[in-house]
Amino acid sequence: SEPKTSIYISEVDKQELMKIYDQKVTYWPKSTKDIYIPTKYGIVHVLTCGSEENPPLMMIHAASMGAHSWAENLEPLTNHYRIYSIDNIGEGNKSELYEALVYPQNGKEIAELYSVIADSLDIGSSPVFGASNGGFIALNYAYYYPKHVESLLLFGPMGLTQLTNSSVFMLGLATMYPFQFIRNYVAKWALGNDEYCNRKYGDWFNCIMKGTIPSVAKPVPMTSKQKLAFDLPILLFLGTKDKIVGNAEFAREAAEEYPNIQIEIIESGHLISTEHHEYVNEKVKVFLEENKNYHN
């Protein structure tokens, strides 16, 4: 086939996704605002809420989700932080590439982009949340720009374990065979069996599978040498039923090389911060309080 000119299959698919996006943002505080940042790759969209007087906090969403997908985790944060939730460019969301085939190709280029975004938002140093592929992004941002990251909070992050061939196959299945029963099967595999997750994000995930072909770098695990370079505090959540990260004990062993890490393993699918948001939010609140102003 000819090279793609957009990450969207059609304009109709794009508009359908934007409609669902706006509906998901209704779960955010009414004061939430949109920020659009020009970069060399395209326009990056950011959702922001919380007082401008508060210290910043950056959130990087899971692959195929969107900046809106942190709604369940805002409650303990909005009174204490100015939240900046970033739409990862190259995926179906409100960020938009200038050219569909020009995007950050590796961890260093991704980190450079997020440094530009942070500078544009006047974020000096902040805690950074990362879910799934957002965890891969957050880890690279912290590795290449350690003074920009106060602490890391990771939820089923990519880049701990290799993306398996079965995961690559499953995530590509809905694109190869565009039938609704295939998309339903893949959604159940990716989102897990949690009723709330499927009810909240099933329509979004289905639209992503049906209407987009993402332009994003493949997550690559860090080397032992890279892991040992981290000294900042890390809070890691792993799920025992996470089909994408894979075996939680294997992921734990890989993560224990980070010098200053706390690891929580819970019975959960991939969307840990949504599926177990009450438990997660309590742990997050304590962790952030204990590691406030780490660089100071």
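# Close-up views of a predicted protein model

**Figure 1. The second largest pocket.** The second largest pocket has a volume of about 240 Å³. On a 1 Å grid over the protein atoms alone, a pocket is an open set of points where a 1.4 Å probe fits, with protein on both sides within 12 Å along at least five of seven lines, and its lining residues have an atom within 4 Å of a point. Grid points are joined across faces, edges and corners, and the volume is the space filled by probe spheres set on the points. The structure is a predicted model, in which local features need pLDDT of at least 70 and side-chain atom pairs count only at pLDDT 80 or more, while totals for chains, interfaces and linings use all residues. Residues are numbered from 1 along each chain as its sequence is written, and side-chain values use heavy atoms, with hydrogens and water left out. The lining of this pocket comprises 14 residues, and His80, Tyr81, Leu288, Glu289 and Lys292 lie nearest the centre. Helix H10 (residues 277–290) contributes the most to the lining, with three residues. Helices (H or I, at least four residues) and strands (E, at least two) are DSSP runs, numbered from the N terminus. By type, the lining divides into seven nonpolar, three polar and four charged residues. Here Ala, Val, Leu, Ile, Met, Phe, Trp, Tyr, Cys and Pro count as nonpolar, Asp, Glu, Lys and Arg as charged, and the others, Gly among them, as polar.

**Figure 2. The protein chain as a whole.** The protein chain contains 10 helices and nine strands. Of its 296 residues, 58% count as buried; buried means under 20% relative accessible area, exposed over 50%, and partly exposed in between (1.4 Å probe, protein chains only). Among contacts between residues at least 6 apart in sequence, 77% join residues at least 24 apart, where contact means heavy atoms within 4.5 Å.

**Figure 3. The largest nonpolar core.** A nonpolar core is a set of buried Ala, Val, Leu, Ile, Met, Phe, Trp, Tyr and Cys residues joined through side-chain atoms within 4.5 Å. The largest such core has 82 residues, of which Tyr114, Phe129, Leu152 and Val284 touch the most other members. Helix H3 (residues 133–144) gives the most to this core, with six residues. When residues up to four places away in sequence are not counted, Val284 touches Leu77, Phe129, Leu153, Phe155, Leu235 and Phe237.

**Figure 4. Two residues with positive phi.** Most residues other than glycine have a negative phi. Ser64, which is not a glycine, has a positive phi of about 70 degrees. Ser64 lies in the loop between strand S3 (56–60) and strand S4 (82–86), and is buried, with a relative accessible area of 19%. Asp122 also has a positive phi, near 60 degrees. The place of Asp122 is the loop between helix H2 (107–120) and strand S6 (126–131), where Asp122 is exposed at a relative accessible area of 69%.

**Figure 5. The surroundings of Leu47.** Leu47 belongs to strand S2 (residues 42–49). Leu47 counts as buried because its relative accessibility is 1%. Beyond four places in sequence, the contacts of Leu47 include Tyr21, Trp28, Ala67, Ile83 and Tyr84. Lys33 is another residue in contact with Leu47; these two residues are 14 apart in sequence, and their C-alpha atoms are 5.9 Å apart in space.

**Figure 6. Pro29 and Thr78.** Pro29 is found in the loop between helix H1 (11–25) and strand S1 (33–38), and is partly exposed, with a relative accessible area of 30%. Thr78 is located in the loop between S3 and S4. Along the chain the two residues are 49 apart, yet their C-alpha atoms are separated by 8.9 Å. Leaving aside neighbours within four places in sequence, Pro29 is in contact with Cys49, Leu74 and Thr78.

**Figure 7. Ser115 and His148.** Ser115 is found in helix H2 and is buried, at a relative accessible area of 7%. Residues up to four places away aside, Ser115 touches Tyr141, Tyr145 and His148. His148 is situated in the loop between H3 and strand S7 (149–155) and counts as buried at 16% relative accessibility. Among the residues that His148 touches are Ser115, Asp119, Ser125 and Tyr141.
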